[in-house]
Amino acid sequence: MADRAETILEVRNLHTHFHTESGVVRALEGVDFTLNRGQVLGVVGESGCGKSVTAQCIMNMVPSRGRIVDGSVIYHQRNGQGTDAVEITALPPKSREMRRIRGNEIAMIFQEPMTSLDPLYTVGNQLLEAINLHQDVDRTEARALAVHSLDRVQLPEPERVFASYPHQLSGGQRQRVMIAIALSCNPTLLIADEPTTALDVTTQAQILSLMRDLQDETHMSIIFITHDLGVVAEMCDEVAVMYLGKVVEQTDIDTTFYSPRHPYTQALLRSIPRLDDDQDRRLEVIAGSVPDPSSIPSGCRFHPRCPDFMTGVCEHREPTLIQIDEDHQVRCHLYGETASSQP
Amino acid sequence: MLAFIARRLVYMISTLVLISFVGFLIINLPPGSYIDVFQAQRQLQGTHTAEAELEALKRRYGLDKPVPVQYWIWVRGFVRGDFGRSFEFNREVSELIWERLGFTVAIATGSLLFIWLVAIPIGIYTATHQYKLGDNVATIVGMAGLSIPDFMLALVLMVVIQRLFGFTVGGLFSREYVDAPWSLAKVIDLVKHLWVPIVVVGTSGTAGLMRIMRGNLLDILNMQYVQAARARGLREATVVVKHAVRNAIHPLIMLLGMSLPTIISGSLIVSIVLGLPTTGPLYFNALRQQDMYLAGTFLMFLAFMLVLGNFLADILLGLIDPRIRYE
């Protein structure tokens with residue numbers, strides 16, 4: 001890409017709450033990150049930290065009990081000469097404008113390929129849905145496009161797959177179909193919500209290499225949601241680390257792996273098992289467990305588990321996002337004497 | 001699909017054969033032979049039966065022959081539409097049922113249509129507007145409909161209509177039309193009476209079906225393929241109708257199959273309360289009076305409708321769901 005620093009998506013201070021019978025669940029409490037055109041951003045974090053909700057917010061598809069209470073998602077849409085900033089979070093979820101972005105500008109693939117396709121319709125039917133919706137083509141052209149996109153994700157016998165029902169395909173094949181549907185309308189941004197988690201290791205590697213090839217070919221931007229740091233190392237240019245509904249650190253891939261600053265990122269990296277390790281050594285773990293979202297710790301949410309906990313600071317004040325380098329943001333008191341001036 | 005239908009057809013016929021054994025057994029269960037019972041019944045009514053008539057009956061049912069032969073005669077008659085004779089009415093069972101079948105089917109199909117046409121849209125609405133005002137209202141009304149017994153609702157409606165509009169709604173016709181030949185006025189009179197049992201029978205069914213539809217649809221709306229369809233940019237109505245409702249309708253089709261017997265059983269209690277000339281009260285009496293050929297015939301009919309309903313539901317599910325079709 002000519003201009004590497006052209007922003008395509010900005011997520012600012014996103015707060016999303018779910019109103020349930022047992023009270024308000026604050027799923028997102030400050031998600032910030034920026035994605036540049038043509039880049040792959042990894043969003044990592046433990047289960048329940050809000051990764052998938054973040055994806056739903058970007059698609060403006062938060063489940064009915066959830067509400068975006070603060071912050072914004074801004075998508076920079078190309079329009080020939082420059083870009084238009086579209087504030088996705090300001091659009092009504094069911095509006096025409098939003099539907100024109102979904103599937104066309106921003107596409108999404110999901111965690112469970114076994115359940116992402118409607119069992120009652122053929123692959124072709126569901127693929128044509130997307131094509132007919134976003135592209136001005138006649139029936140034969142649409143069909144040709146559909147078969148071509150199945151071919152593009154390296155499915156053998158695309159014609160046969162086109163006429164198949166989902167239950168006739170394997171998990172890996174279904175995920176390829178999902179990718180084909182997502183890419184059929186040439187989106188500029190793809191959100192991949194743990195696309196390989198449910199697949200076996202061999203298939204996982206195949207899907208990842210396919211996604212990498214497709215990214216090289218199309219230069220689309222990808223938000224890759226995962227809890228697998230190995231996948232991040234393989235796929236991503238940038239990494240945003242989330243903990244309990246907040247982005248705690250965002251930086252480029254090398255800095256993430258070689259000089260992470262947030263204690264949580266550091267702890268995550270220490271807990272990766274290594275093949276060259278002494279076999280008798282116990283695996284490193286992060287002390288404690290993820291707190292229940294209804295009983296969030298005061299101050300910094302990570303303080304009860306943090307090895308660098310500073311008594312008198314961390315449990316009282318919430319850290320803000322601190323710019324410690326041009327492309328490196330951390331939400332931690334260790335790096336912000338200035339934070340003491342904040343209320 | 002053809003192999004699928006053929007296989008279901010074989011199941012259906014073998015089930016019916018088994019049921020016919022049971023049906024025959026039940027007919028023969030009361031003590032004494034058919035002739036004894038018949039004679040006793042006649043005597044109770046104060047009439048005498050001629051020997052010749054008894055002989056004719058004996059021959060007709062093969063009562064002097066071994067039991068398997070009797071069974072065969074009964075089954076053969078059944079297939080030809082000869083269901084035996086009612087002791088109580090001393091008439092052919094087929095005539096008795098035939099007389100009442102028209103109204104029974106009319107009321108039952110009317111209420112089935114009513115149930116589906118009302119319950120499905122409300123079910124869809126409440127699921128897509130969960131915990132909103134409309135959902136809460138529908139839930140309360142539905143629960144009330146579910147908890148009020150249908151005979152109670154029938155009685156209340158009768159009283160209310162009588163008081164407010166000044167006409168009676170018991171039965172299917174006003175007095176002057178009961179024996180009158182068919183005419184436009186008689187049809188209008190029928191329609192005026194028919195809606196009451198349809199609403200009464202339909203209300204509780206509607207409430208139940210509405211809740212089932214709502215529950216299923218809520219489950220399906222959380223499925224990933226519904227989200228995926230939405231993520232493609234489809235209109236919300238398309239997402240709901242094409243991808244969610246069609247997946248949520250499965251258990252309802254099974255339910256529809258199982259409710260097929262009600263088409264001929266004719267909502268017993270409501271029919272008695274409203275004095276409707278349906279088959280329900282007839283069946284009820286046959287059981288009370290040990291009118292075994294009549295009761296056995298009903299039993300077979302109900303079983304047949306149930307098996308047929310399941311067969312049709314299976315085919316319908318096969319049409320809707322490729323996973324069943326390609327099994």
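The questions and answers below concern a predicted model.

Me: At which residue does helix H8 of chain B bend?
Reply: Helix H8 of chain B covers residues 184-221, and a straight helix of 38 residues would span 56 Å at 1.5 Å a residue. The end C-alpha atoms of H8(B) span only 48 Å. A bend of about 35° is found in H8(B), and its position is B:Gly202.

Me: Which element gives the most residues to the side of chain A that touches chain B?
Reply: The contact joins 25 residues of chain A to 21 residues of chain B. On the chain A side, the elements that give two or more residues are helix H2 (96-101) and helix H3 (123-134). With four residues, the element that gives the most is H3(A).

Me: How many residues on the side of chain A that touches chain B are nonpolar?
Reply: Chain A has 25 residues in contact with chain B. By class, seven of the residues on this side are polar and seven are charged, while the number of nonpolar residues is 11.

Me: What is the handedness of the crossing of H3(A) and H4(A)?
Reply: H3(A) packs against helix H4 (residues 139-152) of chain A at an angle of about 115°, and their axes are 9 Å apart. The crossing of these two helices is right-handed.

How values were computed:
Residues numbered from 1 in each chain as written. Chains lettered and ligands numbered in written order. Predicted model: local features only at pLDDT ≥ 70, side-chain atom pairs only at ≥ 80, totals over all residues. Expected span 1.5 Å × (residues − 1). Bend = angle between axes of the 7 residues up to and from the residue. Contact = placed C-beta atoms within 7 Å. Nonpolar A, V, L, I, M, F, W, Y, C, P; charged D, E, K, R; others polar. Axes fitted to C-alpha atoms, helices over the stretch in contact; angles between N-to-C directions. Left-handed = near helix turned anticlockwise from the far one by under 90°.
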